[in-house]
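Work through the exercises below with the sequence and the model side by side. Try each task before you read its solution.

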Amino acid sequence: MAVSFFGLAIFLFLTLDSDFTSSPVSAASEGVQITYGSVMKLMHEKTKFRLHSHDVPYGSGSGQQSVTGFPNVDDSNSYWIVRPVPDSNAKQGDAIKGGTIIRLQHMRTRRWLHSHLHASPISGNIEVSCFGSDGESDTGDFWRLEIEGSGKTWRQDQRVRLHHVDTGGYLHSHDKKYTRIAGGQQEVCGVQEKRPDNVWLAAEGVYLPIAESKHASS
């Protein structure tokens with residue numbers, strides 16, 4: 001079942017900090033600024049599959065919640081919330097600079113995009129999973145944002161890589177597909193090399209504009 005932009009906007013209004021006064025905007029055009037608290041889908045540039053998860057564990061490796069690439073645009077299990085790391089001074093609605101360490105929280109299950117030194121199920125690369133909860137997160141959830149080109153802050157039309165802090169692996173996907181539990185979905189994993197096929201783009205979502213305090217002078 002799909003989650004509409006309207007439904008996402010309602011979700012965002014219910015979870016916004018009390019001093020955030022701007023309205024969420026849907027990513028209907030390129031160049032939208034990506035900020036903390038925004039809800040989005042990440043598209044693998046080469047295959048056009050979306051980063052996806054669901055409450056199905058891997059049958060090997062860590063046994064944690066699986067992460068895959070999903071072929072269809074219209075699926076609610078492909079939405080991720082952009083979060084800062086714990087103890088950061090970053091606030092909801094803040095822009096995100098290249099080189100910043102971020103976390104991605106799966107909207108449906110509330111678990112974090114995670115990696116560690118287990119082998120991925122198909123290719124034997126580094127496993128990428130979902131792990132934890134709202135109150136449980138560790139450095140295995142930390143990803144460094146690398147922006148391709150000259151842009152300094154993350155925008156929807158920019159090509160990016162996510163570099164895992166603990167393992168050194170880049171978030172990666174390819175056309176190797178599952179045949180059973182996640183039939184038709186493709187493997188997402190980590191690879192040590194910086195390659196043309198580990199580039200991602202922000203796609204569908206609801207993005208918070210740059211934060212403005214309600215106490216700011218006009």
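The exercises go from the whole chain to single residues.

This is a predicted model, in which local features need pLDDT of at least 70, side-chain atom pairs count only at pLDDT 80 or more, and totals for chains, interfaces and linings use all residues. Residues are numbered from 1 along each chain as its sequence is written, and side-chain values use heavy atoms, with hydrogens and water left out.

**Exercise 1. Confidence**

Task: State the mean pLDDT of the chain and find where pLDDT stays under 50.

Solution. Start with the term: pLDDT is the predictor's confidence in each residue, from 0 to 100. The chain has a mean of 87. Of its residues, 83% reach 70 or more. Next, look at residues 214-218, where pLDDT stays under 50. The model has three contacts beyond four places in sequence for this stretch; contact means heavy atoms within 4.5 Å. Where pLDDT is low, the predicted coordinates should not be read in detail.

**Exercise 2. Fold inventory**

Task: How many helices and strands are in the chain, and in which order do the elements run?

Solution. Apply the rule: helices (H or I, at least four residues) and strands (E, at least two) are DSSP runs, numbered from the N terminus. The count gives one helix and 13 strands. From the N terminus, the order is α-β-β-β-β-β-β-β-β-β-β-β-β-β. Then check the contact range. Among contacts with a separation of 6 or more, 69% join residues 24 or more positions apart.

**Exercise 3. The core**

Task: Which residues of the largest nonpolar core touch the most other members?

Solution. A nonpolar core is a set of buried Ala, Val, Leu, Ile, Met, Phe, Trp, Tyr and Cys residues joined through side-chain atoms within 4.5 Å. Buried means under 20% relative accessible area, exposed over 50%, and partly exposed in between (1.4 Å probe, protein chains only). Of the chain's 218 residues, 51% count as buried. The largest core holds 29 residues. Met40, Leu51, Leu104, Leu113, Trp154 and Leu171 touch the most other members. Strands that each supply at least two residues of this core include strand 2 (39-44), strand 8 (126-131) and strand 13 (200-207). Now take tryptophan 154. Beyond four places in sequence, its contacts include Met40, Leu42, Val82, Ile102 and Val160.

**Exercise 4. Positive phi**

Solution. Recall the background: most residues other than glycine have a negative phi. Aspartate 87 has a positive phi of about 65 degrees. Its place is the loop between strand 5 (80-84) and strand 6 (101-106). Aspartate 87 is exposed, at 83% relative accessible area. Arginine 110 also has a positive phi, of about 70 degrees. The loop between strand 6 and strand 7 (112-119) holds arginine 110. Arginine 110 is partly exposed, at 22%.

**Exercise 5. Rings and charges**

Task: Which rings have a charged end over them?

Solution. Lysine 41 places its charged end over the ring of tyrosine 79, 4.7 Å from the centre.

Key
A charge sits over a ring if NZ of Lys or CZ of Arg is within 6 Å of the ring centre and within 35 degrees of the ring normal.
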